[in-house]
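Biologist: I have the model open and want to go through it feature by feature. Start with whatever I need to read your labels.

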Amino acid sequence: MKNNISAILIIDYGSQYTQLIARRIRELEVFCLVHPYHKITDNLLKEINPEALIISGGPKSVLDRNSPKLNNNILSINKPILAICYGMQLITKNLKGKVNRSNKKEYGHTIIRIKKKSKIFKGINTNKLRVWMSHGDNINKIPKDFVTSSISQNNIIASIEDIKKQIYCLQFHPEVYHTDNGNKIIHNFIFNIANIKTKFKINKFIENKVKELKHILKDKKIICGLSGGVDSTVTAYLINKAVNKNLFCIFVDHGLLRKNEANEVSKIFKKKFGKNFIKIEASDIFLKRLKNISDPEKKRKIIGKTFIEVFESEAKRISNVQYLGQGTLYPDIIESIPFFGGPTAKIKSHHNVGGLPKKMKLKLIEPLRELFKDEVRIVGKQLNIQNKLLSRHPFPGPGLAIRIPGSIDKEKISILQEADSIFINFLKEKNLYDSIWQAFVVLLPIKSVGVMGDKRTYNYTISLRAITSVDGMTADFYMFNNDQLKEISSRIINNVPGINRVLYDFTSKPPGTIEWE
Ligand code: XMP
């Protein structure tokens, strides 16, 4: 649903940077959608009616026989196109230019020389640009009616354009932070070439969403899984605005929450939703089903399935419930779509998307499925949700289950809860909590020898994780100073029996992910 605002359609060929393209466009307050190349049909194009298209990069080579192809309907709808890397090579091949396999790959920072005045480079006051390249093939002969607008220092064609058809192709990646003026290039495409006029405003989003929810739900009952996290809280407040007394919020204590979380969250929501807030204590069934399960994807699937079962049985008790509201966000949707039919590009199945059983009896409502995390916080603010709730660090649906690599038991959960609580309280006490996007403790399946007092210990090792990020798609590890690390470590070891070693995780995303599982 795009509520009659201009949409950019990003056609994804499996690039690791596709989400970044979407981010850059959202930062310009322009609505965009990402769809994998093999899902592009005439009907979808009609439904989205995009103002412009962006064709992403991808890991394959257009010279391979089975490489992903360009749908001809993409060219025939006559909309401005920005084609990046693999996208550029696809366009070239389709329009009878020539693509070659290079002897030398261009990877990383490369200087390009702008050869001609172009709308795509408007406002860039230099003809030498440092850009990010990541390709093996290159353009050997440009298609008819195209001109070359820039060349790389290795004499490789870096950009071409057909201004009449409004097709702009870039061999480099304007969406990555390492490309100088990358944002300007995307801005030029959106506003000077595609001439997008309507901006995607959050208050309009709320107004339209409430209208849409009222229309769909009418006087039907809906239940909503409330975890106390930002996504589910904003989802519940938004649905509540549309249907009020027909919303029933269910908080499932799966036994994998942070210390005291169940009570704190219950208190806040009882106040807001009154009798329509229902707390279910279900830790026994979750822990029983997770017993001896080590595989992270299996854990997620079990938790997702059990969640839905618990919801469904509660829904039956409320009677006549037809809908289930969930706080799925756009990155969850994109990250759960497998490419090339195989599991390789699928990173994690986030449980609220990937783990849904096929025969779900409730219809799903996901009002935030088009938004990124930072946008959800803005929606929350506009819905007057208290800052205390909105500024909470994200917490994954499967909870501590994915912060205990390997098998899970009650003892491990309780050790982890204690350590995590000390870490988070330290951050709050030192006013660091709000400058860190997410922080937590991971309990490793490793015991090591230590000495405390005069006694030998043989206890668990934990790793601290603290990252900065905008939306969780990329992240940098947070740099504590020595004194801070020393203090956290000693507070944990001195206060949590069962832990005798503390590590710090110095991994950014990519190459790591934020969670360990
Ligand atoms: P990763 O580990 O994928 O995490 O870099 C990105 C963000 O997503 C959260 N996360 C999850 N959230 N179900 C959720 O609801 C999940 O299975 C899940 N796995 C990761 C993670 O905490 C971080 O904020």
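Modeller: Helices are DSSP runs of H or I with at least four residues, strands are DSSP runs of E with at least two, and both are numbered from the N terminus. This is a predicted model: local features need pLDDT of at least 70, side-chain atom pairs count only at pLDDT 80 or more, and totals for chains, interfaces and linings use all residues. Residues are numbered from 1 along each chain as its sequence is written, and side-chain values use heavy atoms, with hydrogens and water left out.

Biologist: OK. Where is Asn384 found?

Modeller: Asn384 is in the loop between α13 (373–382) and α14 (387–390). Its phi is near 60°, a positive value in a residue other than glycine.

Biologist: Is Asn384 buried or exposed?

Modeller: Exposed, at 68% relative accessibility. The classes are buried for under 20% relative accessible area, exposed for over 50% and partly exposed in between, with a 1.4 Å probe and protein chains only.

Biologist: What about phi of Lys96?

Modeller: Phi of Lys96 is near 70°, again positive in a residue other than glycine. Lys96 sits in the loop between α4 (86–94) and β5, and is exposed with a relative accessible area of 65%.

Biologist: While we are on the backbone, what is the peptide bond from Lys509 to Pro510, cis or trans?

Modeller: The bond is cis, with omega near -15°. Pro510 and Pro511 are also joined by a cis peptide bond, where omega is about 10°. Pro510 lies in the segment after β18 (499–504), and Pro511 is found in the segment after β18 as well.

Biologist: Switching to strands. How is strand β3 covered?

Modeller: Strand β3 (residues 52–55) is covered on both faces: Ala52 and Ile54 are buried on one side, Leu53 and Ile55 on the other.

Biologist: And which way does β3 pair with strand β1, parallel or antiparallel?

Modeller: Strand β1 (residues 7–12) and β3 pair in the parallel sense over four bridges; two strands count as paired if DSSP finds at least two bridges between them. Leu9 stands opposite Leu53 in that pairing. Strand β4 (residues 81–84) and β3 are also parallel, over three bridges, and there Ile54 is opposite Leu82.

Biologist: Aromatics next. How many aromatic pairs does a search of the whole structure find?

Modeller: The search finds 16. Rings of Phe, Tyr and Trp (its six-membered ring) pair if their centres lie within 6.5 Å; planes under 30 degrees apart are stacked, over 60 edge-to-face, and the rest tilted.

Biologist: Which class do Tyr107 and Trp132 fall in, and why?

Modeller: The Tyr107 and Trp132 centres are 5.8 Å apart and the planes are at 70°, so the pair is edge-to-face. Tyr107 is in strand β5 (residues 98–114) and Trp132 in strand β6 (residues 128–141), so the pair ties together parts 25 residues apart in sequence. Tyr107 is exposed at 55% relative accessibility, while Trp132 is buried at 13%.

Biologist: Which residues form the one aromatic cluster with Phe423?

Modeller: Phe477, Tyr478, Phe480, Tyr504 and Phe506.

Biologist: Which ring does Arg23 lie over?

Modeller: Arg23 lies over the face of Phe372, 4.8 Å from the ring centre. Lys447 has its charged end over the ring of Tyr460, 4.8 Å from the centre. The test is NZ of Lys or CZ of Arg within 6 Å of the ring centre and within 35 degrees of the ring normal.

Biologist: Now helix α15. What does Ile422 touch?

Modeller: Ile422 is in helix α15. Not counting residues up to four places away in sequence, Ile422 touches Arg491, Ile492, Asn495 and Val496, where contact means heavy atoms within 4.5 Å. Ile422 is buried, with a relative accessible area of 16%.

Biologist: And what is Glu418 in contact with?

Modeller: Lys259 and Val496, leaving aside neighbours within four places in sequence. Glu418 also belongs to helix α15 (residues 410–429) and is partly exposed at 31%. Glu418 and Asn495 are 77 residues apart in sequence and 8.4 Å apart C-alpha to C-alpha.
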